[in-house]
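Let's take a walk through this structure together. Have the sequence and the 3D view open side by side.

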Amino acid sequence: MKNVDKPVSLKSARTLQLTYNLPISRTSKFWQGLKEGKIYATTCQKCGKLHFPPVADCGDCGASDMKWNELDGAGEIETFTEVIVKPASFSEEPDYIVAIARLKEGVRALAWLTGVKREDVKVGLKVKLVAKVVSEDRVSYEFTPI
Amino acid sequence: MGHSRFGDRSDVNLSELSFEAVHPSLESSGLTAKEIPYMAVGSMGVWSEEPLPAVVIAEYCGLTGAGLVRCEAACASGSAAVFNAYSAIKGGQVDAALVVGVEKMKQIDNPTIMEMIGRAGYYLWEFENFGMTFPAYYAVHAVQHMKTYGTTEEDLALVAVKNHKYGSMNPLAHLRHEITVEKVLGSSVIAWPLKLYDCCPITDGAAAVVLASEEKVKELGVETPVWIDAIGFSSDTANLSKRENYVGLDASVRASRMAYRMAGVSPEDVDVATVHDCFTVAEIMAYEDLGFCRKGEGARMVREGETEVGGRIPVNVDGGLKAKGHPIGTTGVSMLAELTKQLREEIKPRGRQAPMKNYTALAHNTGGTGHYCYVTILRR
């Protein structure tokens, strides 16, 4: 193949901006709960499986009869990282630690770990998963050290 | 088979890049474009402008009218395309098929690429609020592997050093310079503890292979056919938080056991392998998950040179994703192209030709963080 010395490209005049609407009707209690400072999971009424993140349908047994359970939030860090090079939509954020912890109810959660420096984070660190109000129309949840 | 030069290929568009792989693959197969009844394309394609890559490639390469499909299995899209075409032949619907892997990633900016790949887990629970990135998904594996088995950042660096060594010997590779452990350890942190040189580059590239039935291969008089003995596959949860541990990829374990069983071989029979080293820790986990060593001994394999040419199982002696580059949907097809050359003992320079005992090779291709996995066993 012939090599082109200096690549020439046409800058496309057509720009695409995508903002998805995320349907949360069937798990709205979870998002409502965050506003009230609560972390909810769902339990399948047929097979008893506890689901976090919460689901409206049970992939294990196929039932769609779920009960909402508030989680205590206490858990232990199993692994973590600190994100330095960020995705475009997070470019304004300071570096953030993402951790996966096993909660005392037996399910795991992935969330930011705040209030601690990365150098002080260890596998086994005791944490609590807590609800967080980011702004008027935006809620999330995060781990904080106990 | 055919294989473009990997790298920043801003000199060509998607179709032209595909042609660089398609044209030699057809020439070497003895079939013309018009004689190809089916083409499967492995491509994610969100970084380039064409939403229907299979259609534009078919038109450009003279295959219009053939059955077409684009396969998505994230970084394993290439293997998914191979499996798709293989199944069409196995099922007797066609006697030959072309598989193309192609990706043009350099057409958009890097933060947007980080965004698109970071979203490729469970979007709502991992990205929307937490901005996971691909290095971050593998970094959480590195942290637990290091904690559990004593693997060190130096061990991870050794994988990069090895793969750059072979990349420097591969004229088609993206990164063709040798590096040192110090250089890896001193490179900037991307997602702690993974550093720049622990990560594969963002790469453009294409690869193509022609698959054919046994009968068709005889009819064409192919001199040294290479056979697909088995394709094993598996998957894992979208949410990393739904997995039991982060020291390996269960999908790799399941897919490889399936492939070994189908082919009637064991890991000891493998003469050469390509494994999915999108990050250095991924190669160490792959050694273990594929059964090349016991769990927790992956770092020892690289420390003792067991995966170098001349070692027990040479791995990624084409430079791997790490140095050859990882054009997402291309990788699975590129692995088969490389292993075909290895099995035919046609590798030049000879320094990266693996010695053949059983003429058996293995390709391990994962998509996402072990979300998808395909293990293909080839035999000459």
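**Chain A, then chain B**

Start with overall shape: chain A has a radius of gyration of 20 Å, whereas a compact globule of 146 residues would come in near 15 Å (the radius is taken over C-alpha atoms, and the globule rule is 2.2 Å times the number of residues to the power 0.38). Before going on, note that this is a predicted model, in which local features need pLDDT of at least 70, side-chain atom pairs count only at pLDDT 80 or more, and totals for chains, interfaces and linings use all residues. Residues are numbered from 1 along each chain as its sequence is written, while chains are lettered from A and ligands numbered from 1 in the order in which they are written.

The C-alpha trace of chain A spans about 65 × 40 × 40 Å along its principal axes. Of its 146 residues, 30% count as buried (buried means 20 or more other C-beta atoms within 10 Å of a residue's own, exposed means 12 or fewer, and partly exposed is in between, with C-beta atoms placed from the backbone). Chain A has 1 helix and 8 strands (DSSP runs numbered from the N terminus, with helices being H or I of at least four residues and strands E of at least two). Reading from the N terminus, the order is α-β-β-β-β-β-β-β-β.

Three of those strands make an open, antiparallel sheet in the order E2-E1-E3 (strands pair if DSSP finds at least two bridges between them). E2 (50–51) and E3 (66–70) of chain A sit at the edges with a single partner strand each, so one side of each has no neighbour in the sheet. Strand E1 (residues 40–44) of chain A pairs with E2(A) over 2 bridges, and A:Thr43 stands opposite A:Leu50 there.

Now for the place where the chains meet. The contact takes 34 residues from chain A and 32 residues from chain B (residues are in contact if their C-beta atoms, placed from the backbone, lie within 7 Å). On the chain B side, H6(B) gives the most, with 7 residues. By class, that side has 17 nonpolar, 9 polar and 6 charged residues (nonpolar is Ala, Val, Leu, Ile, Met, Phe, Trp, Tyr, Cys and Pro, charged is Asp, Glu, Lys and Arg, and polar is the others, Gly among them). Strands cross over too: E4 (residues 74–83) of chain A and E5(B) run antiparallel, joined by 2 bridges, with A:Glu82 opposite B:Trp192.

Inside chain B, find the open, mixed sheet of 4 strands in the order E8-E11-E10-E9. E8 (227–235) and E9 (272–274) of chain B are the edge strands. E8(B) is joined to E11 (residues 372–379) of chain B by 8 bridges, running antiparallel, and B:Ile228 has B:Leu378 as its bridge partner.

How do helices H3 and H14 of chain B pack? H3 (residues 77–90) and H14 (residues 331–343) of chain B meet at an angle of about 70 degrees, with their axes 5 Å apart (axes are lines fitted to C-alpha atoms, for helices over the stretch in contact, and angles run from 0 to 180 degrees between N-to-C directions). H3(B) and H14(B) are therefore roughly perpendicular (under 35 degrees counts as roughly parallel, over 145 as roughly antiparallel, 65 to 115 as roughly perpendicular and the rest as oblique). Their contact has 4 nonpolar, 6 polar and no charged residues.

How values were computed:
Two residues are in contact if their C-beta atoms, placed from the backbone, lie within 7 Å.
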